[in-house]
Structures are given as C-alpha cells and as structure tokens.
There are 2 protein chains.
Amino acid sequence: MNAVRCNDCPIRHRAVCARCDDDELTRLENMKSYKRYDAGETIMWRGEPLEHVASIVDGVASLSKTLEDGRTQMVGLLLPSDFIGRPGRKEVEFDVVATTEVTLCRFEIKPFEQLVMDTPHVAQRLMELALDELDAARDWMLLLGRKTAREKIATFIDMLAQRKIAGNPESDGTLEMPMTRDQIANYLGLTLETVSRQFNALKKEGVITLSGRKQIEVIDLLALRDATGDDSDGGVLS
Amino acid sequence: MNAVRCNDCPIRHRAVCARCDDDELTRLENMKSYKRYDAGETIMWRGEPLEHVASIVDGVASLSKTLEDGRTQMVGLLLPSDFIGRPGRKEVEFDVVATTEVTLCRFEIKPFEQLVMDTPHVAQRLMELALDELDAARDWMLLLGRKTAREKIATFIDMLAQRKIAGNPESDGTLEMPMTRDQIANYLGLTLETVSRQFNALKKEGVITLSGRKQIEVIDLLALRDATGDDSDGGVLS
DNA sequence: CAACAACTTTGATTCAGATCAAAAATATGA
DNA sequence: TCATATTTTTGATCTGAATCAAAGTTGTTG
C-alpha cells in the first residue's frame with residue numbers, strides 16, 4: 001500500500017509529504033530531480049526567477065543579504081529536510097548559498113504549485129514551515145539586536161546541540177560545526193576574530209572543548225544554556 | 001449584491017477578505033467584535049492561549065521579545081490593516097503591546113479557523129501575509145546585524161515614508177512617528193540616547209526637520225536613501 | 001497657568017567589539 | 001613529506017555606541 005512512499009529519496013520528502021497518499025507521492029516522484037552543489041556555490045541569486053522549489057537532502061545551505069558596501073548578514077540556515085521556495089512568490093530576495101557541499105531534491109515549480117492547489121494539507125504544511133521560519137527569524141532578531149558576543153556564540157552552539165538531539169536523542173555532546181569562523185560571524189552579526197575569541201573563552205572556562213577546526217564538544221550544558229541570556233522559563237525543566 | 005461588504009468595519013477586513021463573497025463576509029461579520037486598548041497596554045502575553053485573531057483598525061501595535069535581564073527587542077510592527085494571529089498556532093511566543101491607542105477588529109479563533117478550512121483563497125491570503133512578514137523580518141535581521149546607528153535611523157524613517165506613500169500617494173514629506181525614542185530604540189537595537197543623537201545629526205545636515213516630539217519632515221529623500229546603506233538596485237529608479 | 005510627570009537632548013566617560021597586523025595551526029596536494 | 005594555501009588564533013589599538021549623569025523640553029492635569 002505504501003509502495004511508492006518516496007522510496008528512493010533519502011529524506012522521503014519529509015518537508016512536504018507527511019500526510020500524502022500514494023497518488024500524491026507519485027506526483028511528487030514524477031516532478032523531482034536531484035542536483036549537487038559544491039561548497040561556496042550559489043544555488044539561487046537574489047531576484048532570479050524561481051524555477052524550482054527544493055528540499056535539502058544533504059549538506060547545509062544559507063540565505064544571505066548584502067549591503068551596498070559588501071557587509072553581509074545570513075538570514076536563514078537550511079539543514080537536511082528543510083525547504084527552499086515559497087508558493088506564490090516569483091523570486092527570492094536573498095542569495096541562497098551552499099555552505100557545505102549540498103544535495104537538493106528539486107521539484108519543478110509549475111506542477112508543484114498545481115499539487116499545492118489540489119491538496120490542502122500540503123498547503124497547510126507549507127504554512128507551518130513558513131510560520132516556523134518566522135518564529136526562528138524573530139528569535140534571531142532578538143539575538144542580533146540585543147545579545148552580547150558571548151551570548152550569541154553560546155546560543156549558536158546550543159542551537160546546534162538541540163538540532164542534533166532532535167535528530168538523534170541518543171547522541172553525545174559532540175558536534176560538527178557546518179561553517180567556518182567567517183560564516184559563523186556572518187550568521188551572528190560579528191567579525192570572525194570575535195567568534196574565535198569567544199569560542200576560546202568558553203573553552204578556557206571548561207564549558208566546551210574544541211578539536212580540529214570544526215569539532216566541538218559540549219562539556220557543561222547548563223553553563224552553556226546560562227550563557228545564552230535567554231529567559232529560562234519555557235524550557236523543559238524548572 | 002455587495003450589501004454586506006464589511007459595511008460597518010472601518011478597514012473592511014482588508015487583511016482577509018479581498019476576494020470574499022457575500023456569504024463569507026457574512027460569516028466574518030458574525031464572528032467579529034471590536035476592542036480598544038490604551039497605549040502601553042499588553043494585548044497578548046507570550047505563551048497565553050490564542051482566543052482571537054484580529055486585524056488592526058486603528059493605531060500601532062508591536063511584537064516584542066525579552067531576555068532574562070529585561071533587555072527587549074521589538075520583532076514586528078503592526079499598522080492599520082495588519083493581521084495578528086496565525087492559523088494552526090495555539091499561542092504566540094512574543095508579547096503583543098499597544099504602542100499607541102489601538103482598536104482591533106477581532107474574530108473568534110474557532111469559527112475563523114473553520115472559515116480558513118472552507119475557503120482556500122483565505123488560506124492563501126494568510127500565507128501571503130506570513131511570507132510578507134518573513135521578508136520584512138529578514139530585512140530587519142540585516143539591519144540589526146550589520147547596519148550602523150545612522151543607517152538604522154535612516155532606514156526607519158524611509159520605511160515610515162514608504163508606508164505613508166503606499167497608503168496615500170499624494171502625501172507630502174511630513175510624517176507622524178508612532179513611537180517614542182525609547183520604543184524606536186527597542187525596534188532598532190539601539191539605546192534611546194543614540195536614537196536622539198542620530199535624529200538630530202540628520203536634522204543638522206538638513207536631511208530632515210523635527211518639530212514637536214513626533215513630527216518629522218523629510219527634506220532630502222535622496223540623501224536619506226543614501227544613508228540607509230541599502231543596495232540601490234531593486235529601487236524604482238536607476 | 002502652575003506644577004508635575006514624562007520624554008528628549010546634550011555632555012562626559014567607558015567599554016565591547018571592530019579593525020589592523022602577524023603568527024600559528026590545519027588542510028591540501030604535488 | 002614537504003610546500004603551499006587556507007583558516008584560525010592571538011595581540012595591539014581604535015572607535016561607535018553604551019552608560020552614566022544632568023539639564024532642557026513638551027505635554028498634562030488639577
């Protein structure tokens with residue numbers, strides 16, 4: 001009965017098809033194609049007409065905006081199973097860049113939009129995704145506008161840890177950072193030197209350890225949480 | 001034929017009903033009620049269960065997030081005809097505060113969600129609103145993360161000017177600021193002293209004039225635009 | 001219209017993070 | 001494995017905006 005459930009797709013269209021029936025899944029299968037991008041490659045340019053929507057199969061991509069003189073700010077981070085593209089929009093107003101090597105599962109926009117029109121629960125799913133992104137954007141505005149460098153770094157590490165735990169609750173405290181210091185700086189509204197200094201300050205305090213360029217281990221999660229500056233209520237405990 | 005087109009509603013449910021037929025409008029009329037809030041009053045607290053969605057009839061409201069120690073950051077600004085509340089969400093994760101005196105046209109959430117389920121074009125309209133908010137949030141992230149105090153203030157004034165022109169293309173350069181220096185500071189990720197200094201610097205340079213506490217006149221729109229730091233392409237001219 | 005409260009401006013000082021400048025560590029690849 | 005390129009760390013200095021502190025405005029209310 002579930003014979004065609006996205007059978008050859010590593011992420012099984014998780015972003016769109018949780019409640020799709022076989023017929024809908026077949027439609028998705030028929031409009032999809034995979035594409036690989038190298039690290040640093042631009043997937044979509046600001047203002048470019050949208051020809052596909054896509055879901056991330058593997059790797060990390062980011063959304064970035066740039067000022068006149070070249071200062072840039074990341075405004076979104078896309079991890080596997082996240083979705084790119086918005087129904088009804090003709091173009092994006094930021095650049096989408098492959099942060100690491102990225103594989104996309106792309107759907108042609110025309111038939112995809114037809115599918116959205118035909119199936120209210122897909123439309124509803126996309127609405128949920130948009131609202132999740134909006135909530136994330138608002139947390140990020142608080143971070144960018146009011147947090148100190150230390151709080152920004154602690155929040156960043158905590159977010160990676162939570163994302164990892166969500167994907168695999170049995171995981172240990174070891175994290176692979178998907179970005180260079182420079183990319184992290186663009187994400188947090190800092191410079192790369194400040195990012196480096198704050199990582200090493202947390203290391204010196206025994207909150208984390210660093211090994212190689214991208215391995216972090218969280219030693220003291222409570223201290224890390226405390227360093228984020230966030231309101232503690234709304235959390236799981238206390 | 002259009003007898004019930006939101007006849008006694010000052011904003012005619014602009015946020016939701018552009019394409020509603022008479023039957024749908026009657027349903028909206030039957031679930032609506034007006035409510036007034038004084039300036040400074042909290043309309044909804046973070047975490048509180050959502051009982052209404054609403055559209056702003058008059059006044060200005062803001063969405064705010066707060067850190068442990070009280071630092072706050074506005075994450076959204078709602079002007080007349082803007083919409084509060086999201087389909088499918090049980091609560092909001094920020095405070096909604098009346099910045100000025102505010103009148104809301106509220107709809108009970110249960111029948112409203114039923115209406116959304118029944119009418120795809122209303123669902124689609126809400127999706128557009130969410131995507132507009134997302135785009136605005138991302139512009140704001142660029143501002144908060146990378147712009148200087150001067151650029152932030154120029155961007156703020158320019159936004160008010162554009163909103164005013166959108167509402168009434170025949171308007172002159174005079175603007176009424178809907179917020180105090182302190183509220184503007186919370187919007188832009190600054191302190192109120194810095195806001196004051198930057199307003200007065202632009203005044204001294206002849207870019208704007210200030211009169212009373214809340215009247216601004218834009219004298220030199222080009223200089224103002226130039227001071228925003230934004231990429232000039234994508235604009236109307238050049 | 002006087003007195004008060006709320007808001008805004010201005011000035012002096014401090015400080016977090018940016019900037020500038022090497023040096024050190026880690027990767028990459030011949 | 002050695003040479004080279006990239007990324008990260010560390011140090012010194014500078015600066016924009018925060019902070020602290022009055023004084024000056026504007027608006028409100030009895």
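Visitor: Which residue of chain A forms a salt bridge with Asp132(B)?
Guide: A salt bridge is a side-chain nitrogen of Lys or Arg within 4 Å of a carboxyl oxygen of Asp or Glu. Here the partner of Asp132(B) is Arg89(A), and the closest N and O atoms of the two are 2.6 Å apart. Keep in mind that this is a predicted model: local features need pLDDT of at least 70, side-chain atom pairs count only at pLDDT 80 or more, and totals for chains, interfaces and linings use all residues. Residues are numbered from 1 along each chain as its sequence is written, chains are lettered from A and ligands numbered from 1 in the order in which they are written, and side-chain values use heavy atoms, with hydrogens and water left out.

Visitor: How many salt bridges are there over all chains?
Guide: A search of the whole structure gives 38. One of the salt bridges pairs the side chains of Glu133(B) and Arg138(A), at 2.7 Å from N to O. Glu133(B) sits in helix H3 of chain B and Arg138(A) in helix H3 (residues 120-146) of chain A, so this pair joins two chains. Helices (H or I, at least four residues) and strands (E, at least two) are DSSP runs, numbered from the N terminus.

Visitor: How many residues of each chain are in contact?
Guide: Contact means heavy atoms within 4.5 Å. By that rule, 47 residues of chain B touch 46 residues of chain A.

Visitor: What area do chain B and chain A bury between them?
Guide: The size of an interface is often given as the accessible area lost when the parts come together. Buried area uses a 1.4 Å probe and is summed over both parts. For chain B and chain A the figure is about 4,400 Å², with 53% of it on carbon and sulfur atoms. On the chain B side, Arg138(B), Met141(B) and Arg146(B) lose the most area to chain A, together 19% of what that side buries.

Visitor: How many residue pairs are in polar contact between the chains?
Guide: A polar contact is a pair of N or O atoms within 3.5 Å; within protein, one must be able to donate a hydrogen and the other to accept it, and residues adjacent in sequence count only if both atoms are side-chain atoms. Between chain B and chain A there are 26 such residue pairs, both residues at pLDDT 80 or more. Two or more residues of the touching side of chain B come from each of strand S4 (61-66), strand S5 (72-78), helix H3 (120-146) and helix H5 (181-188) of chain B. H3(B) gives the most, with 18 residues.

Visitor: In what order do the strands of the open sheet in chain A lie?
Guide: Two strands pair if DSSP finds at least two bridges between them. In chain A, 4 strands follow the order S2-S7-S4-S5, with antiparallel pairing. Strand S2 (42-44) and strand S5 (72-78) of chain A are the edge strands, each pairing on one side only. As an example of pairing, 6 bridges join strand S4 (residues 61-66) of chain A to S5(A), and Ala61(A) stands opposite Leu78(A) in S5(A).

Visitor: What is the strand order in the open sheet of chain B?
Guide: It reads S2-S7-S4-S5, again 4 strands with antiparallel pairing. S2(B) is joined to strand S7 (residues 95-98) of chain B by 2 bridges, and in S7(B) the bridge partner of Met44(B) is Val96(B).

Key:
Buried area = accessible area lost by both parts, 1.4 Å probe.
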